[in-house]
Amino acid sequence: MGVLTNKIEREDLKPGDHIYSYRLAYTYSHHGIYVDEGNVIHFTQGEGQETGTGTVLDRFIGSSLPQRRPLDDPCPICDDQSKGDGVISSCIDCFLSGGDLYLYEYDVTRKFFLAKPRGGTCTLASSESPEKVIHRAFYFLRKGFGVYDVIKNNCEDFALCCKTGLRVIPTVGQSGQASSFQAAASAGGVILTATVSMARSSILGVAGLAASCGTYCVKRYINDIGVRRDVENVVLEEET
């Protein structure tokens, strides 16, 4: 665990951990809550229910799906989860879909957060107790977590809500990797300008690249759920 990688071993998992695994050659990650005995509760978009965003993210919108197994060889633990949608419970093997296991970090320092080159791996927000995290995960398993949206309401948003009890109001996308995609898009124009400038002047080029990196980091920071103020505590119906 550190700035470069959050990879962990299965034997190090604890109930209530927020875990994730990369999809599509590390272009996107899928998130969930480890509950117990190799079971993970996570938020997915069911097969055949894709709704386009009109952006490059359309290619990632189905990446939260567990890997489909042959019909004549269903998972002996959780059966065929590839047709599931919404909040589902599956074994950790189906959740990982052949990928490596990573642990999402909470209550990190601002310096550590900004040093992370990639969003969707940590937050400045604090996690609540494992008991509360697991309680929320099972509540959403029963009641649902709304309609899956790759930007506004995705698997990372679900895991963040389970861990912190917080949700952005209105829901405009709170997850680290969604914010990173948006920040990268904003910084992209600056990077292109910096590249042209570098061809003309090394000093201007370096300054431009520094500015683009600064834009990316600032946008990630201000959109972190541990920093932004447009959030509310989610009160579960059965707790009222």
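Predicted model: local features only at pLDDT ≥ 70, side-chain atom pairs only at ≥ 80, totals over all residues.
A charge counts as sitting over a ring when NZ of Lys or CZ of Arg is within 6 Å of the ring centre and within 35 degrees of the ring normal. Keep that in mind while looking at K163, which lies over the face of Y106 at 5.1 Å from the ring centre.

Now let's turn to the strands, with β2 as the place to start. Strand β2 covers residues 28-36, and eight of its nine residues are buried, so the rest of the structure largely encloses it. On one side of the story is β1, residues 18-23, which pairs with β2 in the antiparallel sense over six bridges.

Follow β2 onward and you meet β3, residues 39-44. These two also run antiparallel, joined by four bridges. Here D36 has N39 in β3 as its bridge partner. The hairpin formed by β2 and β3 has two residues between the strands, and E37 in the turn has a positive phi of about 45°.

Next come the aromatics. How many aromatic pairs does the structure hold? The count is 13. Take Y20 again, this time with Y102: their ring centres are 5.3 Å apart and their planes are at 15°, and because planes under 30 degrees apart count as stacked, this pair is stacked. Since Y20 lies in strand β1 and Y102 in strand β5 (residues 102-103), the pair ties together parts that are 82 residues apart in sequence. Both of these tyrosines, Y20 and Y102, are buried.

Y104 and Y106 make another pair. Their ring centres are 5.3 Å apart with the planes at 45°, so this pair is tilted. Y104 and Y106 are buried too. Y106 is also the ring that has K163 over its face.

Finally, there is a cluster to pick out. Ring pairs link F43, Y139, F140, F145, Y148 and F158.

Terms used
Residues numbered from 1 in each chain as written. Heavy atoms only, no water. Buried < 20%, exposed > 50% of the residue type's maximum accessible area, 1.4 Å probe, protein only. Pairing = 2+ DSSP bridges. Phe/Tyr/Trp six-rings, centres within 6.5 Å; stacked < 30°, edge-to-face > 60°.
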